[in-house]
Amino acid sequence: MAAVAEKARFYLEQAVPQLREFEAKGIFNPDEIRNLVRKRTDYEHIVLSPGNKAQDWLNYVAWERSLEALRAKRCRRLEIRASSKHTGEGRVFGILERSVNRHPGSLELWKEYLSYATKLRATKRYRKVMTRALRMHPAKSELWVLAGRRSASHGDMHAARGFFMRGSRFCTRDATLWLAYAKCEMEWLEKMEARKGKKGGTEKAIQEQAEHDDDEIKFGSDDSDDDADENGRLIIPNPDAAAAKKVFDDETASKLKNNPALDGAIPIAIFDIAKKQAFFSAAVAEQFFHVFAAFTQISMQARIIQHVLDSMNESYPNDASTYFCYIQQPLIGLDANAPGYPKALRETLGRIKSSLAATTIVKALSTKLKLWLEALLSPQDLDSGIRTVLEHTVQTLPPS
C-alpha cells in the first residue's frame with residue numbers, strides 16, 4: 001500500500017498549480033478545495049489499488065469532467081477570462097490514458113476515451129486512440145462502425161469505406177457492421193441525390209468528399225506522440241489546425257459521376273457479400289430490407305429493394321420474413337395521405353391474403369403483420385375509411 005500512496009501523491013502533486021489558481025482567483029473557496037483534494041485522493045487510491053476495475057476509472061473520469069464543467073460555469077459567472085481550461089482537460093486525458101493502459105480489454109474505457117476526444121475536437125488524439133483501440137479489439141464491430149461513420153460524417157467516404165471493409169474481415173459473427181455499412185452507403189447516395197438539383201451537381205459533391213481527408217485514421221509505423229509536451233504530459237491538440245485540401249480535377253470527377261457506385265451498386269454488393277457469411281439468415285435479410293426501405297428519397301431504392309426481395313425468394317421462399325417484406329413493398333415511401341396510398345394499400349391487402357395462404361409459418365407472419373398494421377394505425381389524421389379497413393384486417397388475422 002505504500003507504493004500506492006506514493007503513486008497517488010505523485011499524480012496529486014501535478015494538480016497543485018491548478019488548485020492554487022482556484023484559490024487565487026476565487027473560483028473555489030478553501031473548504032471546497034480541501035474537499036476536492038480529499039475526493040481526488042480517494043479516487044487515486046481506488047484506481048491505483050491492485051483490485052481496481054474499469055468502472056472505478058469511469059467514475060473518476062466522470063468526477064473530473066463534472067469538476068471541469070463546474071469550473072467553467074463559475075468562471076463565466078464571475079467573468080474570469082484568464083482561467084485556462086486546458087489544465088483540466090489535459091488531466092482528464094491523462095486519466096483516460098492511464099485507464100486504457102491498465103485495462104486495455106475494457107471496451108467501455110476506449111469508447112469513453114474516444115467520446116471525450118470527439119467532444120474536444122482533439123482530432124490527432126482521436127486518430128491515435130482509435131488506431132490503438134482497433135488493434136486491441138479488431139473483432140468489435142462497434143469500433144469499426146464508429147470509425148467509419150465518423151469519416152463519413154466528415155465527408156470522407158473513401159476512408160469510411162476502408163474502415164468498413166477492413167472491419168468486415170474480422171466481424172463475421174453478426175450483421176451489425178454490415179448493416180451499418182449498408183446504411184452509410186445509402187446515406188451517401190441520399191446526399192448525392194440531394195445535390196443533383198443544385199449548382200455544381202454531383203461533381204461538386206464528389207469533390208467535397210475528397211476535401212475532408214484530414215480525419216482519416218491510418219495504420220502507420222509512426223507511433224510518436226505529437227500531443228505531448230516536453231515533459232511527456234498530454235496536451236490538447238489545436239482543433240483549428242487543418243490539413244491541406246485535395247480537389248479532384250474535372251476529368252476525375254466526371255469519371256466518378258458515371259461510376260456504378262452512384263447507381264446503388266455498393267449497397268447491393270454489401271448485401272450480396274453478406275449472403276455468403278455464416279450469420280446470414282432470413283431475419284438478417286429482413287434487416288437489410290428495412291435499412292434500404294428507410295431511404296425513400298433515393299431514385300434507385302426500388303431496384304435495391306427488389307434485389308433483396310429476389311434474393312430472399314430464392315434462398316428463403318417460405319420464410320415469414322420473406323413474405324413480410326413482400327407485403328410491405330407497395331407502401332414503401334408512401335404517406336398515409338398521399339393520393340396513391342389507397343391503391344398501394346389494396347395491393348398490400350391482396351398480398352397479405354395470398355401470403356397467409358402460402359406460408360407454412362402462419363403464426364410468425366401473423367405476429368409481424370399485427371405489429372406493422374398497428375403502427376400504420378397510429379397517425380391521428382388517418383383517413384377514416386383506411387382506418388376501418390386496417391382495423392378489420394388486424395381483427396381477421398390468424399391468432400399468433
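Phe288 touches Trp178, Leu179, Ala182, Ile270, Phe271, Ala274 and Phe280, leaving out residues up to four places away in sequence; touching, or contact, means heavy atoms within 4.5 Å. This is a predicted model, in which local features need pLDDT of at least 70 and side-chain atom pairs count only at pLDDT 80 or more, while totals for chains, interfaces and linings use all residues. Residues are numbered from 1 along each chain as its sequence is written, and side-chain values use heavy atoms, with hydrogens and water left out.

Phe288 and Phe292 touch the most other members of the largest nonpolar core, which has 85 residues. Such a core is a set of buried Ala, Val, Leu, Ile, Met, Phe, Trp, Tyr and Cys residues joined through side-chain atoms within 4.5 Å. Buried stands for under 20% relative accessible area, exposed for over 50%, and partly exposed for anything in between (1.4 Å probe, protein chains only). The biggest share of this core comes from helix H10 (residues 176-195), which gives 11 residues. Apart from it lies another core, of 22 residues, with Ala320, Tyr341, Trp372 and Val394 among them. In soluble globular proteins, nonpolar side chains tend to be buried together.

As for the chain as a whole, it has 19 helices and zero strands. Helices (H or I, at least four residues) and strands (E, at least two) are DSSP runs, numbered from the N terminus. Of its 400 residues, 45% count as buried. Among contacts with a separation of 6 or more, 68% come from residues 24 or more positions apart. The chain exposes about 21300 Å², and carbon and sulfur atoms supply 52% of that; accessible areas come from the Shrake-Rupley method with a 1.4 Å probe, and for residues only the protein chains shown count as cover.

Next come two single residues. Ile304 lies in helix H15 (residues 301-315) and counts as buried because its relative accessibility is 0%. With neighbours within four places in sequence set aside, Ile304 is in contact with Met186, Gly264, Pro267, Ile268 and Phe292. Ile304 and Ile268 are 36 residues apart along the chain, yet their C-alpha atoms are separated by 6.4 Å. Glu286, for its part, is found in helix H14 (residues 282-293), and its 8% relative accessibility is why it counts as buried. The side chain of Glu286 makes a polar contact with that of Lys368, at 3.1 Å. A polar contact here is a pair of N or O atoms within 3.5 Å; within protein, one must be able to donate a hydrogen and the other to accept it, and residues adjacent in sequence count only if both atoms are side-chain atoms. Besides Lys368, Glu286 is in contact with Met312, Ser321, Phe324 and Cys325, neighbours within four places in sequence aside.

Helix H18 (residues 362-376) has 15 residues and reaches 21 Å from its first C-alpha to its last, close to the 21 Å expected at 1.5 Å a residue. The expected span is 1.5 Å times one less than the number of residues. Leu365, Ser366, Leu369, Trp372, Leu373 and Leu376 are buried in H18. Seen down the axis of H18, these fall within an arc of 135°, so they line one face of the helix; the arc is that of the directions from the helix axis to the C-beta atoms. The buried residues of H18 pack against helix H16 (320-328), helix H17 (341-358) and helix H19 (384-395), whereas the face turned away from the buried side carries the exposed Lys363 and Leu371.

Helix H3 (residues 30-48) has 19 residues and spans 27 Å from first C-alpha to last, close to the 27 Å expected. Its buried residues are Ile33, Leu36, Arg40, Thr41, Tyr43, Glu44, Val47 and Leu48. Seen down the axis of H3, they fall within an arc of 170°, so they line one face of the helix. At the start of H3, a side-chain oxygen of Asn29 comes to within 3.2 Å of the backbone nitrogen of Asp31.

Two loops hold a backbone detail. Most residues other than glycine have a negative phi. Glu79, not a glycine, has a positive phi of about 60°; it sits in the loop between helix H4 (54-78) and helix H5 (86-102) and counts as exposed because its relative accessibility is 66%. Arg121 also has a positive phi, near 60°, and lies in the loop between helix H6 (107-119) and helix H7 (123-136).
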